[in-house]
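Reader: Could you walk me through this one, taking the sheet and then the charged pairs?

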Amino acid sequence: MKAAIFYGAGDIRVEERPTPKIGPREVLVKVKAAGICGSDLHSYRLSPKLPEGRMFGHECSGEVVEVGKDVDRISVGERVGLEPLVGCGDCLYCLSGNYHLCPSLRHIPAFVEYQKFPQEKAFKLPDHVSCKEASTLDCIAVAVHAANLSGLKGGETAVVLGAGTIGLLMMQVLKAFGAGAVYETGKYDFQVKLAKELGADAAINVEKENLLERIKALTGAEKTGGQEMPLGVDHVYEAIGGPKNQLEDALRVVRRGGTITVIGDPKNPLKLSSFVMREIKIIGSSSYAYRGREPEFKVALDLLSRGKVNAQKIITHAFPLERIKEAFDVASDKGTGCIKVIIEA
Ligand SMILES: [Zn+2]
Ligand SMILES: [Zn+2]
């Protein structure tokens with residue numbers, strides 16, 4: 001079969017690899033759609049975080065072409081969304097349903113023609129959900145997890161920093177979970193436009209508008225130390241990452257006693273003292289696992305299936321596996337107007 005192999009920054013090659021052989025409780029899937037994640041892009045652009053000479057990617061969906069002898073929930077021909085996270089199954093975190101915190105957590109590679117999955121990681125898709133949309137389930141689940149961790153309650157207000165794939169899904173998940181007003185920031189007009197289209201109560205282009213003034217107008221203002229600051233929102237979700245000062249922004253737009261949930265791996269240092277006086281809670285959110293007994297991946301599929309989350313509009317570009325390098329080049333350049341770029345078979 002064909003597989004994309006990562007050799008280092010800017011170097012991806014499509015090569016032949018053996019088709020995986022399944023075990024008794026595994027299914028073999030023909031990959032129909034696989035999304036390029038921010039973390040894949042990070043490796044592609046900068047110093048490689050991934051080991052070289054390896055298959056990579058992790059967001060995919062497809063059609064089951066073979067099942068192991070003990071597989072009882074899925075049949076050949078069914079279409080499935082695929083959860084890529086696999087823990088060791090044996091550590092404190094795996095045994096308590098928090099496998100996303102497993103020290104040996106691994107991702108099942110997605111940029112391949114065929115891939116094998118344990119049957120419990122394959123979620124049957126309803127007829128009206130396309131494989132293309134289902135390739136974003138991993139990202140939706142990331143947003144579901146962040147919403148769960150933040151403790152969001154119905155009617156509470158939020159700012160989502162960032163209008164890339166995760167930011168746009170985050171905003172929709174918050175709405176689906178009963179949030180009150182949700183405001184979203186973006187750097188490009190096409191992001192801000194889409195945020196509004198997908199349901200943001202306000203979308204702010206931080207390159208053109210003053211974030212503080214907009215949030216002040218939306219939430220009201222308070223005097224603090226002679227300065228007029230926004231009253232702020234109950235929750236801020238950071239979905240940008242990188243070297244920009246988004247945590248500074250988060251602190252300025254969150255209300256006293258509010259929470260900042262960080263998804264995007266920010267690189268900037270922050271003075272911890274700035275959290276103390278206003279009792280701001282900061283929460284790190286990574287991947288997903290369970291909410292109670294329910295897999296968050298399944299919650300994500302439910303939201304997609306019920307039309308609570310629109311993934312179709314977020315997928316802006318699709319390329320065949322043979323052109324994966326081109327796909328990565330497009331995904332690396334926001335000037336192309338891309339949000340989610342996928343590989344499609
Ligand atoms: Zn991802
Ligand atoms: Zn483990």
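Author: What follows goes through the sheet, a hairpin and some salt bridges. This is a predicted model, in which local features need pLDDT of at least 70 and side-chain atom pairs count only at pLDDT 80 or more, while totals for chains, interfaces and linings use all residues. Residues are numbered from 1 along each chain as its sequence is written, chains are lettered from A and ligands numbered from 1 in the order in which they are written, and side-chain values use heavy atoms, with hydrogens and water left out.

Reader: In what order do the six strands of the open sheet run?

Author: The order is β13-β12-β11-β16-β17-β18, with parallel pairing; strands (E, at least two residues) and helices (H or I, at least four) are DSSP runs numbered from the N terminus, and two strands pair if DSSP finds at least two bridges between them. The edges are β13 (202-205) and β18 (281-284), each of which pairs on one side only, and the twist averages 20 degrees from one strand to the next.

Reader: And which strands does helix α4 lie across?

Author: Helix α4 (residues 137-150) lies across β16, β17 and β18, at about 145 degrees to β16, where contact means heavy atoms within 4.5 Å. Helix α6 (residues 189-197) lies across β12 and β13, running at about 175 degrees to β13. Axes are lines fitted to C-alpha atoms, for helices over the stretch in contact, and angles run from 0 to 180 degrees between N-to-C directions.

Reader: Switching topic, which residue takes a positive phi in the hairpin of β14 and β15?

Author: That is Gly225, with phi near 55 degrees, in a hairpin that has two residues between the strands. Strands β14 (residues 221-224) and β15 (residues 227-230) pair in the antiparallel sense over four bridges, and Thr224 has Gln227 as its bridge partner.

Reader: How many salt bridges does the structure hold?

Author: It holds 22, a salt bridge being a side-chain nitrogen of Lys or Arg within 4 Å of a carboxyl oxygen of Asp or Glu. One of them joins Asp201 and Lys175 at 2.5 Å, N to O. Asp201 lies in the loop between α6 and β13 and Lys175 in helix α5 (residues 165-176), so the pair ties together parts 26 residues apart in sequence.

Reader: What about Glu228, which residue does that bridge to?

Author: Glu228 pairs with Lys216, the closest N and O atoms being 3.5 Å apart. Lys216 is buried at 13% relative accessible area, whereas Glu228 is partly exposed at 43%; buried means under 20%, exposed over 50% and partly exposed in between (1.4 Å probe, protein chains only).
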